[in-house]
Amino acid sequence: MTSEFHRPVAFDRVGAHGLDVTVDATAAECAALAERMGIPGVHAVSCVFHLTRERHDAVAARGHLRAVVTQTCILSLEDFQHSVEEVFQVRFVPADQVSDDIDPQADDEIPVEGNVIDLGEAAAEQLGLALDPYPRMPGADVPEAETAAEPHPFAALAGLRRLN
């Protein structure tokens with residue numbers, strides 16, 4: 001399956017000194033990413049990658065993601081635009097060599113079929129991870145709790161208990 005933000009790079013392009021690649025999303029790709037992420041808007045996505053060869057069949061990637069998105073504030077329910085910036089590191093490895101070891105300190109491994117890596121999909125995945133799941137618009141405050149105008153239904157019983 002081809003992702004909404006497809007930027008293929010062949011393993012063979014990554015030489016001994018590495019390879020620097022910048023991927024930028026088009027307006028149509030941003031709209032598709034917004035739909036995928038379930039947010040009102042993605043206005044810009046750019047990611048700079050530095051790729052280095054680890055083995056003949058594995059590539060390490062350091063990335064610097066920058067994006068401008070619109071999310072809905074969980075307090076006011078208003079849409080607001082903000083910037084997302086994330087520095088990350090991942091490894092592209094053959095699908096049959098992905099580690100089963102769950103090590104939170106290890107780089108995430110992205111399985112690859114063949115000898116082509118998809119930097120656009122890697123950037124899209126990192127954008128999804130970088131988005132705040134509970135976005136708050138700057139200046140949004142927690143609404144004050146309303147005081148109950150009516151007494152509790154058992155308040156009258158509490159009064160009877162005092163009489164005994």
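Modeller: Q71 sits in strand β4, which spans residues 58-72. This is a predicted model. Q71 counts as buried, because its relative accessibility is 5% and the cut-off for buried is under 20%. Its side chain reaches the backbone oxygen of D132 at 3.1 Å. Leaving out residues up to four places away in sequence, Q71 touches I39, P40, E78, D79, F80, H82, L131, D132 and P135.

Now follow β4 to its partners. β4 pairs with strand β5 (residues 79-94) in the antiparallel sense, over 14 bridges. Within that pairing, V69 stands opposite H82 in β5. H82 is also one of the residues that Q71 touches.

R66 meets E85, with the closest N and O atoms 3.5 Å apart. R66 is in strand β4 and E85 in strand β5, so this pair links distant parts of the chain, 19 residues apart. R66 is partly exposed, at a relative accessible area of 47%.

β4 has another pairing, with β3. Here 13 bridges join the strands, which run antiparallel. A67 in β4 is the bridge partner of V45. β3 and β4 form a hairpin too, with two residues between them. β3 in turn joins β2 through six bridges, again antiparallel. There, D20 stands opposite H50 in β3.

P94 stands opposite V112 in β6. The side chains of E109 and R91 meet in a salt bridge, 2.7 Å from N to O. E109 lies in strand β6 and R91 in strand β5, so the pair ties together parts that are 18 residues apart in sequence. E109 is partly exposed, with a relative accessible area of 24%. R91 is buried, at 15%.

Next, the aromatic rings. The count comes to one aromatic pair. F49 and F88 form it, edge-to-face, at 5.9 Å centre to centre and with 80° between the planes. F49 is in strand β3 and F88 in strand β5, 39 residues apart. Both F49 and F88 are buried.

Last, helix α1 (residues 27-37). E29, C30, L33 and A34 are buried there. They cover an arc of only 140° around the axis, which puts them on the same side of α1. An α-helix has 3.6 residues a turn, so residues three or four places apart point the same way. The buried residues of α1 pack against β2 (19-24), β3 (41-55) and α2 (119-130). On the other side of α1, A28 and E35 are exposed. G38 follows the helix, and its phi is positive, near 70°.

R36 pairs with E4, the closest N and O atoms being 2.8 Å apart. R36 lies in helix α1 and E4 in the segment before β1 (8-10), so the pair ties together parts 32 residues apart in sequence. Both ends are partly exposed: R36 has a relative accessible area of 36%, and E4 has 28%. Salt bridges that share partners join E4, R36 and E121 into one network. The structure holds six salt bridges.

Technical notes: Residues are numbered from 1 along each chain as its sequence is written. Side-chain values use heavy atoms; hydrogens and water are left out. Helices (H or I, at least four residues) and strands (E, at least two) are DSSP runs, numbered from the N terminus. Buried means under 20% relative accessible area, exposed over 50%, partly exposed in between (1.4 Å probe, protein chains only). A polar contact is a pair of N or O atoms within 3.5 Å; within protein, one must be able to donate a hydrogen and the other to accept it, and residues adjacent in sequence count only if both atoms are side-chain atoms. Contact means heavy atoms within 4.5 Å. The arc is that of the directions from the helix axis to the C-beta atoms. Two strands pair if DSSP finds at least two bridges between them. Rings of Phe, Tyr and Trp (its six-membered ring) pair if their centres lie within 6.5 Å; planes under 30 degrees apart count as stacked, over 60 as edge-to-face and the rest as tilted. A salt bridge is a side-chain nitrogen of Lys or Arg within 4 Å of a carboxyl oxygen of Asp or Glu.
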